[in-house]
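The following questions and answers concern the structure shown below.

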Amino acid sequence: MQFHHHGYVSGDPRRQPVAGVGIDRPVDLPEQMDVLVVGTGPAGMITAAQLSQFPGVSTRIIERREGRLEVGHADGLQARSVETFQAFGFAERLAAEAHHVTEFAFWQPDPADPRRIARAGRAPDDPKGLSEFPHILVNQARVLDYFAAFMADAPTRMSPDFGIAYVDHEVCPGREFPVRVTLARTTGERAGEQLEVETKYLVGADGAHSRVRTAMGRTFEGHSANHAWGVLDVLADTDYPDVRVLSTIQSSAGNMMVIPREGGFLFRLYVDLGEVSQDDAGAVRNTPAEAAIAQANAVLHPYSLDVKQVAWFSVYEVGHRLADRFDDDAAEPRVFILGDACHTHSAKGGQGMNVSLQDGFNLGWKLGHVLDGRAAASLLTTYDAERKAIAKNLIDFDKAWAAAIGSKADGSAEAAAVPEHFTSTIEFRTGFRTEYPPSMAVAEGTHQALATGFPIGQRFASPRVARVADTNPVHLGHHATADGRWRVYVFADAAAPGDPGSVVASTAQWLTTSPDSPLVGLPEGVVVHDRFDLKVVYQQHHHAVEWGQVPDLFKPRVGPYALVDRGCVHATLPDEDVYALRGIDRAGVIVVVRPDQYVAAVLPLRAPEELTGFFDGLGPRSGVLDVQHRQELAH
């Protein structure tokens, strides 16, 4: 974490200086805003949290409840999600209070006595070491709390507007604020009172029964599997030995999942309640907790469960549905849906909150860039193109997983395939299967061979390097915060700093001075560091990198005192050569990473003009006057 560059900080360094629309932020919901987010679930909160880093963008997030969520439905967080939390500054704090998953246990009928269950196998959670971050289990409400704290400490000083529900909207093209939204107060003396606001963009993160989706006229296609599960968060005594291990149980009496939770005592049970008749009309949802507990005890035989407290209980029917589009207009979208509003599935795959978070991270920075003039509005069309395909993959995965763990313990190949299915889907389960196709935000793979360990369109897997200024080994990607900037990682050629013929030096000179450089000609008041986070990695040991010979491009001056940021210059660790480990060409490579941590381009170091070509592809930087106005607000 870097701080003090705006002056000495004696308090919490996470609290950023107030700026832009955060100055004198109105307490009540204003009549006009740039973005209105509906719903404070994971998808809505991460969208708002990302937008809170844009001082000139007015964003409000509304929630029909009167206050924060106390008991969240979701609890599983993939390593990919924890990587994302690192960018928002709370990965370590959330992980410290969460349960860490390292193994998975599989229980099936004991071959010697099928009436009893026996452990059939174990599997490591991440045998390939796909991430340095853990797979964790924690109450969804705590995730929302951390996003709320991030927003409150952001330059815009954002906070949710509770007690306000979405009612309807209409889009009126040609207006500065073209989306007219009808809202209603849900709490207090003014409950039931309607109000109207206008916004440039509307984001519907209002759940599976989304009213925003309905008003958009989007279809929600799919079906119910006619199968019900009871979900209980319990404090209980049990002699079941794997109660603190994520496990599946297939028994002659039915199936169950055991999911340990944070704190060392709480755990969750997904209890199979069986098939649901076509004419059930939702009656299964009235199943009492006592019935689910009795079924859990039957599944656990010869072990038993003595429940002391039920912290939360619900019954749900497995259903898989996907919206036909995630926005309202393929050419010029103004309204978006994300999370459960556009894709639903079972909870047992642990994917829902994780995929929803990436929906919001994807959309948030794009809205910010369009609204402050960094990119053309057409960038927003990539949201539906990128995220709908991921949601379709999620549903296909979940159908297979739900069928596997819900299969009868009858000795069939399907029933026996649970461990194999678990192992074969590791990239998807951990959140690393996503690969965005070429678009205006993702380059073609023309130069992929120059850095095979950074696949274009996939998340940037952070390598370890040595930070020259303080000699510390660091993860390069861990210093990429959710500030909306593009990351440009320059992997140097073999020449040391100051050597004649250094390609890094000549490239840095071109990027700094050429009128064709994407770093030159920024709007008035905007400096390179505001838009781009440039870091260099040399092939030499850090002792061979002389600070005074490193190009000034990688020693940016930041803050009101123009202090040099010494955290941008790195070297190769002697026992962990990033060039060899990640297949990086020794002639030098530029790796461009999007604000949401996905690799956007791999380019030759000797051809910096290709960097210009990529950023020009984001469209004309329209609205320069608006940018100047916003910068005046920010300063």
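Q: Which domains does the domain assignment give for the protein chain?
A: The model is a predicted one. In its domain assignment, domain 1 is made up of the segments 20-71 + 139-219 + 324-404, and domain 2 is made up of 99-137 + 226-318. The remaining entry is 448-627, which is domain 3.

Q: How many residues do domain 1 and domain 3 put into their contact?
A: The centres of domain 1 and domain 3, taken over C-alpha atoms, are separated by 32 Å. The contact takes residues from both domains: 18 residues from domain 1 and 19 residues from domain 3.

Q: Which residues does L183 touch, not counting residues up to four places away in sequence?
A: With residues up to four places away in sequence not counted, L183 touches L29, L36, I62, I164, A165, Y166, V167, E193, Q194, L195 and V197.

Q: How are α2 and α7 oriented to each other: parallel, antiparallel, perpendicular or oblique?
A: The axes of helix α2 (residues 79-87) and α7 come within 9 Å, and they cross at roughly 40°. Angles under 35 degrees count as roughly parallel, and 65 to 115 as roughly perpendicular. Helices α2 and α7 are therefore oblique.

Q: Is the crossing of α2 and α7 left-handed or right-handed, and which residues meet there?
A: The crossing in which α2 passes α7 is left-handed. From α2, the residues R80, S81, T84 and F85 take part, and they meet N354, L357, Q358 and F361 in α7.

Q: Is N362 buried or exposed?
A: N362 lies in helix α7. Leaving aside neighbours within four places in sequence, N362 is in contact with Y383, E386, R387, Y436, R594 and D596. Its relative accessible area is 0%, and the limit for a buried residue is under 20%, so N362 is buried.

Q: How far apart in space are P473 and A571, C-alpha to C-alpha?
A: P473 lies in strand β20 (residues 473-475) and, at 44% relative accessibility, counts as partly exposed. P473 touches R464, V465, A466 and L573, not counting residues up to four places away in sequence. P473 and A571 are 98 residues apart in sequence, and their C-alpha separation in space is 9.3 Å.

Q: What is phi of Q597?
A: Q597 lies in the loop between β26 (589-593) and β27 (599-604). At 12% relative accessibility, Q597 counts as buried. Its phi is positive in a residue other than glycine, and the value is near 80°.

Definitions and conventions. Residues numbered from 1 in each chain as written. Predicted model: local features only at pLDDT ≥ 70, side-chain atom pairs only at ≥ 80, totals over all residues. Heavy atoms only, no water. Contact = heavy atoms within 4.5 Å. Axes fitted to C-alpha atoms, helices over the stretch in contact; angles between N-to-C directions. Helix = DSSP H or I, 4+ residues; strand = E, 2+ residues; numbered from the N terminus. Parallel < 35°, antiparallel > 145°, perpendicular 65-115°, else oblique. Left-handed = near helix turned anticlockwise from the far one by under 90°. Buried < 20%, exposed > 50% of the residue type's maximum accessible area, 1.4 Å probe, protein only. Domains from an automatic or database assignment.
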